[in-house]
Amino acid sequence: MKCLDDSSINSKILDFNFEEHSDNNYYKQVSIIRNKIKENIRRYLCLDHEEIFLLNNSTHCLLNVIYGLNMHSTSLIVREGSYELYNNITTDSFPRSIPLLTHIDPQTGVVCSLKESDFVLDAAQSVGTIWHHKVAISSKILFFPLHKHLAIQAGLGVLCIKNKNHYPEISKIARISESGTVDIRAYNNALSRCEDNPSVFNVAYFNLMDNEINELENLGFKCITSLNSKTPFVVLQSGFDLDKIPCNKNSIITIKKIGEMMYRFTCYKNGTMNSEPINCNLQLIEYIEGLL
């Protein structure tokens, strides 16, 4: 007998085969799967944080942090250089404040220095990347999605808190958010991805040097990303109209237009934290030559 009724989850939209599970309580099954996902990402990403919360996405994680900090009479300051979409977020003004830092800016590729003692880190573009992951996870409070360089599952974000007693209200709020109704199919997909293939790191990177910058400029592409960035993407400015380039999923490199005459080229090759990094500078130049 199913122990859910329509006041809990409407049976007309329930897409879950209870017969495959020993326990037919939807929320209990969600909790079991959620904990397994956390165990996997804790192990694969070498997270030593006391608490890990599985929320809807990075923005959901950030809003939980803001609310939790406000309950400690602490503001979160969105500084210049943070992820552009977060610039419109404002919080109540309190005597105490800490900054939100974007580890790697998705619009420029600029890598932020993490020298401050107390901050919240948007690690969406650094967690799971071969050169920047270890620095990112050293942060006391960080969040990231599972759909970018980890390539695990869309629609899930991770909030990590190193010391739950530092700002305990953040954990309290995140625990409430996490307990809400979620799509068990997304959870099952994430768990399958973790269990079937633990190679969740993006080991590909760009590390453009002066001669390669000059070669790109000769092709009509100006590099916006800093030299020696060792990031999994670079941002290039070009007068070429590349809007309608078809996506080749088999290519190690993909392209996305992110602004007027601005393009982000991303490289991806899955591996583990201990895999050999793959420099994609040459592939980038060959890829661009193939577009022209």
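Which helix does E212 lie in? The views below are taken from a predicted model, and they start with this residue.

**View 1. E212 in helix α6.** E212 is part of helix α6, which spans residues 210-218. The residue is buried, because its relative accessibility of 15% falls under the 20% limit. Leaving aside neighbours within four places in sequence, E212 is in contact with N207, N281 and I285. L284 is 72 residues away from E212 in sequence. In space, the C-alpha atoms of E212 and L284 are 9.8 Å apart.

**View 2. Helix α1 crossing helix α5.** Helix α1 covers residues 26-45, and helix α5 covers residues 184-196. Their axes come within 9 Å. The crossing angle is roughly 30°. α1 passes α5 in a left-handed crossing. On the α1 side, the contact is made by Y26, Q29, V30, I33, R34, K36, I37, N40, I41 and Y44. On the α5 side, it is made by I184, Y187, N188, A190, L191, C194 and E195. By class, the contact of α1 with α5 has 11 nonpolar residues, three polar and three charged.

**View 3. F221 and F240, a stacked pair.** The structure holds six aromatic pairs. A pair of aromatic rings is described by the distance of the centres and the angle of the planes. For F221 and F240, the ring centres are 5.7 Å apart. Their planes meet at 20°, so the pair is stacked. F240 is partly exposed, with a relative accessible area of 36%.

**View 4. F221 and F265, an edge-to-face pair.** F221 also pairs with F265. Here the distance is 6.3 Å centre to centre. The angle between the planes is 75°, and the pair is edge-to-face. This pair, too, links distant parts of the chain. F221 sits in strand β9, while F265 sits in strand β12, residues 262-267. They are 44 residues apart. Both F221 and F265 are buried.

**View 5. The aromatic cluster and the surroundings of F221.** F221, F240, F265 and Y287 form one aromatic cluster. Leaving aside neighbours within four places in sequence, F221 is in contact with L216, L236, Q237, S238, F240, L242, F265, I288 and L292. V158 is 63 residues from F221 along the chain. The C-alpha atoms of F221 and V158 are separated by 35 Å.

**View 6. Charged side chains over aromatic rings.** Two views of this kind are shown. K230 lies over the face of W131, at 3.9 Å from the ring centre. R264 lies over the face of F233, at 5.8 Å from the ring centre.

View 7. Most residues other than glycine have a negative phi. C46 is not a glycine, yet its phi is positive, at about 60°. C46 is found in the loop between α1 and β1 (51-55). At 43% relative accessibility, C46 counts as partly exposed. S73 also has a positive phi, about 55°, although it is not a glycine. S73 is found in the loop between α2 (58-70) and β2 (74-78). At 38% relative accessibility, S73 counts as partly exposed.

View 8. S199 has its place in the loop between α5 and β7 (201-202). Is S199 buried or exposed? At 18% relative accessibility, S199 counts as buried. Leaving aside neighbours within four places in sequence, S199 is in contact with R193, N270, G271 and T272.

Definitions and conventions:
Residues are numbered from 1 along each chain as its sequence is written. This is a predicted model: local features need pLDDT of at least 70, side-chain atom pairs count only at pLDDT 80 or more; totals for chains, interfaces and linings use all residues. Side-chain values use heavy atoms; hydrogens and water are left out. Axes are lines fitted to C-alpha atoms, for helices over the stretch in contact, and angles run from 0 to 180 degrees between N-to-C directions. Helices (H or I, at least four residues) and strands (E, at least two) are DSSP runs, numbered from the N terminus. A crossing is left-handed if the near helix is turned anticlockwise from the far one by less than a right angle, and right-handed if clockwise. Contact means heavy atoms within 4.5 Å. Ala, Val, Leu, Ile, Met, Phe, Trp, Tyr, Cys and Pro count as nonpolar, Asp, Glu, Lys and Arg as charged, and the others, Gly among them, as polar. Rings of Phe, Tyr and Trp (its six-membered ring) pair if their centres lie within 6.5 Å; planes under 30 degrees apart count as stacked, over 60 as edge-to-face and the rest as tilted. Buried means under 20% relative accessible area, exposed over 50%, partly exposed in between (1.4 Å probe, protein chains only). A charge sits over a ring if NZ of Lys or CZ of Arg is within 6 Å of the ring centre and within 35 degrees of the ring normal.
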